[in-house]
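Hi there,

Here is the structure I promised to pass on.

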Amino acid sequence: LQAHTEPVLSVAFSPDGELLASGSEDRTVKLWDVATGKCIRTLNGHTRTVLSVAFSLDGKLLASGSYDSTIKLWDVGTGRCIRTLEGHTSQVESVTFSPDGRLLASGSADGTIRLWDMETGECIRTLNGDIYWVFSIAFSPDGRLLASGSHDSTIKLWDVGTGRCIRTLKAHTDSVESVTFSPDGRLLASGSHDS
């Protein structure tokens, strides 16, 4: 799939598998038809590199996080930016929707994770506490936990309901760049700069 003019930093499939979204250093998000491989839409609006993209569970919304410190919510059907979420003070490295679609979580180089209400677009909670530069976040399948990987080599597990850090996992010796839960929620995998 070729259309971006700069490196691609993030990709995500729509829930039905028919679309692929890609975010790039060229400041755009592109939507691709998986069956044909054609770029069907280019989403313009970010002023700097797009670092992360994620589809909502129903596939109607796409979220993108950028080096410009904002998150944009896009209507997948029209390609229109329907909301810009502002509050982070540094680049937004990771965005992800909760399994029930009611929340969007964003992790940033400003050392915070924000939880956004998808009905109102308001930030309803800011998670912070001895974290530096959040690279990756992931909801557990039941939506009760959020995992974060950060520059300080740790993984933190957060209670989504209270915003409290309930556990810090230490084993890596360098930045944790990626975290994901297994489908049954019993395991968490992490990838790090320590190889």
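Ser14 is buried, because its relative accessible area is 6% and the cut-off for buried is under 20%. Please keep in mind that this is a predicted model. You will find Ser14 in the loop that links β1 (8–13) to β2 (19–24). A polar atom of the Ser14 side chain lies 3.4 Å from the backbone nitrogen of Glu18. Setting aside neighbours within four places in sequence, Ser14 is in contact with Leu19 and Phe55.

Next, have a look at the sheet. It is an open one made of 4 strands, in the order β13-β14-β15-β16, with antiparallel pairing. β13 (134–139) and β16 (165–170) are the edge strands, and each of them pairs on one side only. On average, neighbouring strands of this sheet are turned by 20° against each other, ignoring direction. Between β15 (residues 154–159) and β16, the antiparallel pairing runs over 5 bridges.

Finally, the aromatic rings. The structure holds 1 aromatic pair. Its members are Trp133 and Phe135, which are stacked, with 5.6 Å from centre to centre and 25° between the planes. Are the two residues buried or partly exposed? Trp133 counts as partly exposed, at 24% relative accessibility, whereas Phe135 counts as buried, at 13%.

Happy browsing, and do write back with any questions!

Best wishes

Note on methods
Residues numbered from 1 in each chain as written. Predicted model: local features only at pLDDT ≥ 70, side-chain atom pairs only at ≥ 80, totals over all residues. Heavy atoms only, no water. Helix = DSSP H or I, 4+ residues; strand = E, 2+ residues; numbered from the N terminus. Buried < 20%, exposed > 50% of the residue type's maximum accessible area, 1.4 Å probe, protein only. Polar contact = N/O pair within 3.5 Å; in protein donor to acceptor, adjacent residues only side chain to side chain. Contact = heavy atoms within 4.5 Å. Pairing = 2+ DSSP bridges. Axes fitted to C-alpha atoms, helices over the stretch in contact; angles between N-to-C directions. Phe/Tyr/Trp six-rings, centres within 6.5 Å; stacked < 30°, edge-to-face > 60°.
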